[in-house]
Amino acid sequence: MKRRIVTISICISAALLLGAFIILLWKGPWWADGSQFGRGLTPGEGAIVTGFRTTIVAFGAGILAAGSLAYTHLNHKQSRESFLKSQENFTEQAELTRESLRHSERSSRQQAEISREGQVTERYVSAIRLIASDNQTEQLGGIYSLERIMRDSAKDHDTVVEVLAAFIRQHAKPTPEGTASSDPVQAALDVLARRPEREEPFEIDLRRTTLTGCTIEGADLRRLNLYMADLTDVTFQECDLSFSDMANTKLLRCRFSKCTLTRAELDNAKVTETYFLAGEAHQLSAVGAEFTGIRFRQMNLDGAFFDDAILHHTSFRGTNLEEVEFGNACLFGTHLSPRANPPLNSLLKAFIFKSTTLPKALQGLPEIEARVQQVEEEWDDTRHSHSTDS
C-alpha cells in the first residue's frame, strides 16, 4: 500500500513538472524579457527566444536525467534489499531444512538402536535358555550365540564374559580319572580365549573349577582367577596369564608353552609333572608351592619367589634365575643349569642337597659346601628321628 502511494505521488509530481515545463517553454521568454519585444519578432529577438527555450530544454533534460538516475538508484536499492531479504529467507529455510534432517536422522538412529537393542535382548534370552538346557548340543548353540552377541555389542561384552565364566564354574565339575571336561566347557573356554580386545574392569572368575584335558590357545587371561582349581592335563599355548591367581591350585601334567606369567600367583599350589616352556614369568610368586618333576625350559624367572617351596627333581635348564628368592626352599634333586645364574645369598638360605646340581661357577665354594653339609646332617637327623619314633 505504501509503495502504491509513493508511485502515485511520483506520477502526479512528474505530470505537474511536465506541465510547468511546457508552459515555461511556451511563455518563458516573454515572462523573462517580454517588455523588450515588439509586436513582431526581429531576427535578434527570435534568437533570444530560441536561446531561452534551448536552455529550458537542456535544463529539463538535465532534470529528467537526474530523475532517471534517482529512479534507477531507487530501483537498484529496492532490488538489492529484496535480494538480501530473499537470501535471508533462503538461509533460514535451509537451516530449518538441515535441522529437520538432523532431527530425522537422530530419530532414525534412535529407532534403529531401539530395534537393535530389542533384537539383542531376544537373542540373549534365547542363548540363556539354550545354555541352561541339559542337552550339550543346545548348550553349544547357546555358547556360540553368546559369542556372536559379544562381538556385535560392546555394551554386552562384560555380561557375556561373566555368564560364560559362571557356566564354566557350574559345569566344570570333578571328572573320573582320565576323563576330559565336557565339550560345552571347552567351547566356553575357547570363546573366552578369542573374545574381542576390550577393557574389562573385572577378573574372569574360574575358582574351584575342574578343567581336565582342556586346551587354551592365544588367550588374554590377565587377572584370571583359578584359585583352588584342578588343572589336570591342561595345555596353555601362547596365553597371557599375567597377574592370574592360581594359588592352592592342582597342576598335574600341565603344559605352559610360550606363556606370560608375569606376577602370577602359584602360592601353595601343588604342581606335578608340568612343563613351563619358553615363556616369561617375571616376579612369579610360588611361595609354599610343591613342585615335583617340573621342567622349566628357556624361561625368564627373574625376581621370582620360591620361598618355603618344595622343588623336588625340578629342572631349570636354560632358565634365568636372577634375583630369585629361594628362602627355605627345598632343592632336593633340583637341576640348576650353568645359565641359571641364581643369587648365591638366596641359595644359602635354601635347603641344598648333594643331589642338587648347581652351576659350575658355584660348585666347590666353601659357603656352598658348608650349607650342603649342614642340610645333609639335618636331613639325616630328621630321618633318624622319624625312624626312632616309628
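L252 has T272 of strand 6 as its bridge partner. The structure described here is a predicted model. Strand 4, residues 250-252, and strand 6, residues 270-272, are paired in the parallel sense, and three bridges connect them. Both strands belong to an open sheet of five strands, in which the order is 2-4-6-8-10 and the pairing is parallel. At the edges of this sheet lie strand 2 (230-232) and strand 10 (310-312), each of which pairs on one side only. From one strand to the next, the twist averages 5°.

The largest nonpolar core comprises 77 residues, and F236 and F306 have the most contacts inside it. Two or more residues are given to this core by each of helix 2 (43-131), helix 3 (136-152), helix 4 (157-171), helix 5 (183-193) and helix 7 (366-389). Beyond the residues up to four places away in sequence, F306 touches the phenylalanines F291, F296, F316 and F326. The contacts of F306 also include L301, L311 and V324, together with A286, E325, G327 and A329.

S346 is located in helix 6, which spans residues 344-347. With a relative accessible area of 4%, S346 is buried, because this value falls under the 20% cut-off. A polar atom of the S346 side chain lies 2.6 Å from the backbone nitrogen of F326.

I368 is placed in helix 7. The relative accessible area of I368 is 2%, and this residue is therefore classed as buried. When neighbours within four places in sequence are left aside, the contacts of I368 are with L344, L348, I352, L358 and L362. One of these partners, L348, is 20 residues from I368 in sequence, while the two C-alpha atoms are 6.9 Å apart in space.

The packing of two helices is described by the angle between their axes and the distance between the axes. For helix 3 and helix 5, the angle is about 10° and the axes are 9 Å apart. Helix 3 and helix 5 are therefore roughly parallel to each other, as the angle is under 35 degrees. Helix 3 contributes Q136, Q139, L140, I143, Y144, E147 and M150 to the contact between the two helices, where they meet D183, P184, A187, A188 and V191 of helix 5.

S145 is also situated in helix 3. Its relative accessibility of 22% places S145 in the partly exposed class, because this class lies between 20% and 50%. Apart from residues up to four places away in sequence, S145 touches R123 and A127. The C-alpha atoms of S145 and S126 are separated by 8.6 Å, and the two residues are 19 residues apart along the chain.

The loop between helix 2 and helix 3 contains S133. S133 has a relative accessible area of 16% and is buried. The side chains of S133 and E138 are joined by a polar contact of 2.5 Å.

Conventions: Residues numbered from 1 in each chain as written. Predicted model: local features only at pLDDT ≥ 70, side-chain atom pairs only at ≥ 80, totals over all residues. Heavy atoms only, no water. Core = buried A, V, L, I, M, F, W, Y, C linked by side-chain atoms within 4.5 Å. Buried < 20%, exposed > 50% of the residue type's maximum accessible area, 1.4 Å probe, protein only. Helix = DSSP H or I, 4+ residues; strand = E, 2+ residues; numbered from the N terminus. Contact = heavy atoms within 4.5 Å. Polar contact = N/O pair within 3.5 Å; in protein donor to acceptor, adjacent residues only side chain to side chain. Pairing = 2+ DSSP bridges. Axes fitted to C-alpha atoms, helices over the stretch in contact; angles between N-to-C directions. Parallel < 35°, antiparallel > 145°, perpendicular 65-115°, else oblique.
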